[in-house]
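Welcome, and thanks for taking a look. Here is a short briefing to read alongside the structure below.

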Amino acid sequence: MISLKSVSAAAIALIVGAGAALAQTSAQSTLARIKERGHILCGSSQGVPGFSQPDNAGVWRGFDTDFCRALAAAIFDDPDKARYLPLASKDRLIALQGGNIDVLSRTTTWSIGRELGQGLAFTAINYYDGQGFLVRKSANLKSVRELNGATICVSQGTTNELNLADYFRTNGLTYQVVTFGSLDEVSKAYDTGRCDAYTTDMSQLATNRLLLTKPDDHMVLPEVISKEPLGPWVRKGDPQWFDIVRWTLFAMIGAEELGVTQANLPDMLKSTNPEIKRLLGVDGNFGEQLGLTRDWAARIIRHVGNYGESFDRNLGAGSRVGLPRGPNALWNAGGLQYSPPFR
């Protein structure tokens, strides 16, 4: 378990050593460097309930945090061998480019502008989202189009800024924008009445509403104005690490598709289903081809669980957030989540 205090000290050391980290990145594979270091370095948010946030004891928890724990489980058979560097939206991609982190698992949208020319690669979608607007119920608004002339709070360095400009320009609406460097600043500004609306991804609006002084006085408007496919990012130039990160997510989704859970893993290791046997490393050597052990996926399920289990305890019915699965349900349950086959 990692305390917030120790993370802060680690963050300072990482920032100071950016140049050395980048030089080492060029000389050594990411997996080799992680093994030598003894833990994985994950870029996280500065605090988004349900996704990545330190609890009262300073231990990081959440849906994105679980993914970092899954990577640590796959590599070390120990989910606690993960360290978290809290990053503002405007700093997150720079930190990954500079070698300060091994992976960015922090509600970051996949777009062509980000993937071209920045030396970064998106691995796979772990959450299908879209941008929306949080407003006060007392304003009696029914639609985003009623925000003509409004003051709107948004976080710097996000796709939300461009989406906001595009939507209002396309619909002939005017607005005043107030930007802040962190989500916490945006939320506080909206809560204190500095702006009429707060715009970000729908999932974050639902979670951040719970942190407002009077959550029940606010509502999310029904329109979704953008597509926001979220997921982990890595640096380009290391195909082995790209594959490990991508297939770690697919292992969690695939396990849910195949009915493999933390509770039934011992029994599933005895399954005669060929795809389950390949997923769990009973047959085949996919783990070894990744540079890991044969049982890498079984380690993930044992320590973290499958995709659905992580979603439920952090964002879904088992959490205070209570988000529906929606498009993040499995493909055979009406959603979009889908794992390529393990064969």
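How far apart do the end C-alpha atoms of residues 39–267 lie, and what share of the span is helix and what share strand? The answer is 30 Å between those two end atoms, with 33% of the span in helix and 24% in strand. Please keep in mind that this is a predicted model.

**The annotated span**
- The UniProt record, an unreviewed entry, places the feature "domain: Solute-binding protein family 3/N-terminal" at residues 39–267.

**An open sheet and the helices across it**
- An open sheet is built from 5 strands in the order β10-β9-β11-β8-β12, and its pairing is mixed.
- At the edges sit β10 (175–180) and β12 (218–220), each of which pairs on one side only.
- From one strand to the next, the twist averages 30°.
- Strand β9 (residues 150–155) and β10 run parallel and are joined by 6 bridges.
- Helix α8 (residues 183–191) lies across β8 (131–136), β9, β10, β11 (197–201) and β12, and runs at about 160° to β9.
- Helix α9 (residues 202–209) lies across β8, β11 and β12, running at about 125° to β11.

**Helix α4 against helix α14**
- Helix α4 (residues 63–76) packs with helix α14 (residues 296–303) at an angle of about 135°, and their axes are 8 Å apart.
- Because of that angle, α4 counts as oblique to α14.
- The crossing in which α4 passes α14 is right-handed.
- On the α4 side, the residues that meet α14 are Arg69, Ala70, Ala73, Ala74, Ile75 and Phe76. Their counterparts in α14 are Trp296, Arg299, Ile300 and His303.
- By residue type, the contact of α4 with α14 divides into 7 nonpolar, 1 polar and 2 charged residues.

**Helix α10 against helix α15**
- Helix α10 (residues 239–258) and helix α15 (residues 307–314) pack at about 95°, with 6 Å between their axes.
- That angle is why α10 is described as roughly perpendicular to α15.
- From α10, the contact draws on Leu249, Met252, Ile253 and Glu256, while α15 contributes Tyr307, Gly308 and Ser310.
- The residues of the contact of α10 with α15 comprise 4 nonpolar, 2 polar and 1 charged.

Notes
Residues numbered from 1 in each chain as written. Predicted model: local features only at pLDDT ≥ 70, side-chain atom pairs only at ≥ 80, totals over all residues. Heavy atoms only, no water. Axes fitted to C-alpha atoms, helices over the stretch in contact; angles between N-to-C directions. Helix = DSSP H or I, 4+ residues; strand = E, 2+ residues; numbered from the N terminus. Parallel < 35°, antiparallel > 145°, perpendicular 65-115°, else oblique. Left-handed = near helix turned anticlockwise from the far one by under 90°. Contact = heavy atoms within 4.5 Å. Nonpolar A, V, L, I, M, F, W, Y, C, P; charged D, E, K, R; others polar. UniProt positions renumbered as here; feature names shortened; annotations may be inferred. Pairing = 2+ DSSP bridges.
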